[in-house]
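Open the model in your viewer and keep the selection tool at hand. We will go stop by stop.

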Amino acid sequence: MTDLYRLLPEEMEQLVIGMGYPRYRADQILLPLYYKFPKDINDIPQLPKKLRADLTEAGYTIGSAKETHRVVSEDGETTKLLLNLNDNNAVETVLMQYPSSKIGGHPRSTICVSTQIGCAMGCVFCATGQMGFKTNLAAEHIVSQVIHFAEILEKRGEHVTNLVFMGMGEPMANYDEMIRAIRILTHDRGFGLGQRHITISTIGIVSGIDKLAEENLQIGLAISLHSPNNTLRRELVPTAGPNSVEDIIAAGRHYFKKTGRRVTFEYALMEGINDSPEIAQELSRLLKGNGSHVNLIPINPTAGDFRRPSKTRVLKFEQILSNAGINCTIRVEKGTEISAACGQLRTDIVG
Ligand code: SF4
């Protein structure tokens, strides 16, 4: 069985031509796939009956995700779904909405997609990491997460504005399927989302960052650093292995040079672990003059024993970075109470 959501528009063309149909039939499949969200090939009535039958006989299908659980935050701005994919794997996907009154611009509907079930990186503060690695998601299952929310939003007269690859899993560890999904989601004959509206978040897999820099894509990059030195980083990210802090920062610099897209360093602040003024100074020395942006994320309560630092400590950390001329923000978390925030996704604890 091949899911039609797996195919790039060029591949869809080759498919219909190979079956003896004119090229334009490909668009008659693509348009409804990305704008009408059919659940079955027979839900595309504009296709000749014979083509629908030929596709079905050749093993093509439309594998939409099925929602099995939904939790919405009190303010209604964050929705976490447990989606059953057509290979019977379950994945968590989150929608975060930012009304224009809060962000002073166009309202945003950002989907946080997962690229793996579980994660092999084992970051000690992350609920997904504590699940261990289960499997990689195929491109069509990454696309399905977006399509599912696109359909929900369309019914409300809204649409997906941004995507962040910050859900379950390390995107660079499922590189080929992630890139295929991005090419489908940004193709003007596919889902058509602007490349600049997508951000990939990585724990700092240098080979993946270097590869992404060569893709000729305008994708934003967020690198989770969490420590300015290798000793502490290895404690927090046990699999950091060959990728030293220095290598990761150099890879970020190279990515910026190649793409012109600013790189954000994500820094999860954990009380008594990596939030001292001394560590802030160490981080400042490392990033000074780099044009880097640092996003401080006071840690969320997860399965581990880590605590969120006090507001005073967070502000002090930020001040030290800012005084060193480093562009720095403190992330306003969404969805913490429904375990939908960064580092909280895991499929065995829903809600
Ligand atoms: S923080 Fe990211 S890379 Fe680390 S275990 Fe969690 S999902 Fe994996």
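**Before you click**

This is a predicted model: local features are reported at pLDDT of at least 70, side-chain atom pairs count only at pLDDT 80 or more, and totals for chains, interfaces and linings use all residues. Residues are numbered from 1 along each chain as its sequence is written.

**Stop 1: the two domains**

Colour residues 2-61 as domain 1 and residues 66-338 as domain 2. These bounds come from an automatic or database domain assignment. Taken over C-alpha atoms, the domain centres are 33 Å apart.

Now select the contact between them. Nine residues of domain 1 are in contact with 15 residues of domain 2. Two residues are in contact if their C-beta atoms, placed from the backbone, lie within 7 Å. On the domain 1 side, helix 2 (residues 24-35) gives the most, with three residues. Helices (H or I, at least four residues) and strands (E, at least two) are DSSP runs, numbered from the N terminus. By class, that side of domain 1 has six nonpolar, no polar and three charged residues. Here Ala, Val, Leu, Ile, Met, Phe, Trp, Tyr, Cys and Pro count as nonpolar, Asp, Glu, Lys and Arg as charged, and the others, Gly among them, as polar.

**Stop 2: around the ligand**

Select the ligand and its shell. Which of the 11 residues around the ligand come nearest? They are C119, M121, C123, C126 and G129. A residue is near a molecule if its C-beta atom, placed from the backbone, lies within 6 Å of it. The shell has five nonpolar, five polar and one charged residues.

**Stop 3: helix 7**

Select residues 175-186, which form helix 7. Helix 7 has 12 residues. From first C-alpha to last, helix 7 reaches 16 Å, close to the 16 Å expected at 1.5 Å a residue. The expected span is 1.5 Å times one less than the number of residues.

The buried residues of helix 7 are M178, A181, I182, I184, L185 and T186. A residue is buried if 20 or more other C-beta atoms lie within 10 Å of its own, exposed if 12 or fewer, and partly exposed in between, with C-beta atoms placed from the backbone. These buried residues pack against helix 6 (139-155), strand 9 (162-165) and strand 10.

Zoom in on M178. Buried or exposed? M178 is buried, because 25 other C-beta atoms lie within 10 Å. M178 touches T115, I142, F165 and P171, not counting residues up to four places away in sequence. Pick F165 and M178 together: they are 13 residues apart in sequence and 8.9 Å apart in space, C-alpha to C-alpha.

**Stop 4**

Select helix 8 (residues 206-213) and show G208, I209, L212 and A213, which are buried. They lie on the same side of helix 8, because they cover an arc of only 140° around the axis. The arc is that of the directions from the helix axis to the C-beta atoms. Their cover includes helix 7, strand 10 (198-202), strand 11 (220-224) and helix 10 (245-259).

Next, go to N216, in the loop between helix 8 and strand 11. N216 has a positive phi of about 60° although it is not a glycine. Most residues other than glycine have a negative phi. N216 counts as exposed, because it has 8 C-beta neighbours inside 10 Å.

Move on to H226, in the loop between strand 11 and helix 9 (230-236). H226 also has a positive phi, about 65°, and is not a glycine. H226 is buried, because 26 other C-beta atoms lie within 10 Å.

**Stop 5: helix 12**

Select helix 12 (residues 311-323), which has 13 residues. F317, I320 and L321 are buried in helix 12. They lie on the same side of helix 12, because they cover an arc of only 95° around the axis. Turn to the face away from that buried side: it carries the exposed residues K311, T312 and N323. What covers the buried residues includes strand 12 (263-269), helix 11 (277-287), strand 13 (293-298) and strand 14 (327-330). After helix 12 comes G325, with a positive phi near 85°.

**Last stop: G272**

Find G272 in the loop between strand 12 and helix 11. G272 counts as exposed, because it has 10 C-beta neighbours inside 10 Å. Finish with a distance: the C-alpha atoms of G272 and R25, 247 residues apart along the chain, are separated by 61 Å.
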